[in-house]
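Keep the model open alongside the text.

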Amino acid sequence: LGYHFVTPAVTRDFGVEAFRTELKAAIQTAGFEGESTVLYLEDRHFTTDAILETVNSLLSSGEVPGLYTHEELEPLLAPLKEKAMEAGVFRNAYEFFVH
């Protein structure tokens, strides 16, 4: 089917920071590189309430507040600016990205 399959590797030290790092990689593959991506999560991935809250934010609003700093996000969004302009319905590249 051509999907990129992502499932975080749970280790002894797996916590919210490790999960957010894995999530950033999945988002970069899907949103910035344009690959169809599946993020597969099981109950074993929810080792802390913070991970559950992160996934809840992603599912309910399509984004995770504070996942990227402005400095991290700016170079990632730069290539999407042209695509957002071509689409014509988005005010900026971030809006295009989260759509």
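Arginine 44 forms a salt bridge with glutamate 42, with 3.3 Å between the closest N and O atoms. A salt bridge here is a side-chain nitrogen of Lys or Arg within 4 Å of a carboxyl oxygen of Asp or Glu. Arginine 44 is partly exposed at 42% relative accessible area. Glutamate 42 is partly exposed too, at 29%. (Buried is under 20% relative accessible area, exposed over 50%, partly exposed in between, with a 1.4 Å probe and protein chains only.)

This is a predicted model: local features need pLDDT of at least 70, side-chain atom pairs count only at pLDDT 80 or more, and totals for chains, interfaces and linings use all residues. Residues are numbered from 1 along each chain as its sequence is written, and side-chain values use heavy atoms, without hydrogens and water.

The whole structure holds 2 salt bridges. Lysine 24 and glutamate 72 also pair, at 3.0 Å, N to O. Lysine 24 sits in helix 1 (residues 16-32) and glutamate 72 in helix 3 (residues 70-77), so the pair ties together parts 48 residues apart in sequence. Helices are DSSP runs (H or I, at least four residues), as are strands (E, at least two), numbered from the N terminus.

Now the histidine. Histidine 45 lies in the loop between strand 2 (37-39) and helix 2 (49-61). Histidine 45 is buried, at 0% relative accessibility. Its side chain reaches the backbone oxygen of proline 8 at 2.8 Å.

Last, the tyrosine. Tyrosine 94 belongs to helix 5 (residues 93-98). Tyrosine 94 is partly exposed at 29%.

How values were computed:
Polar contact = N/O pair within 3.5 Å; in protein donor to acceptor, adjacent residues only side chain to side chain.
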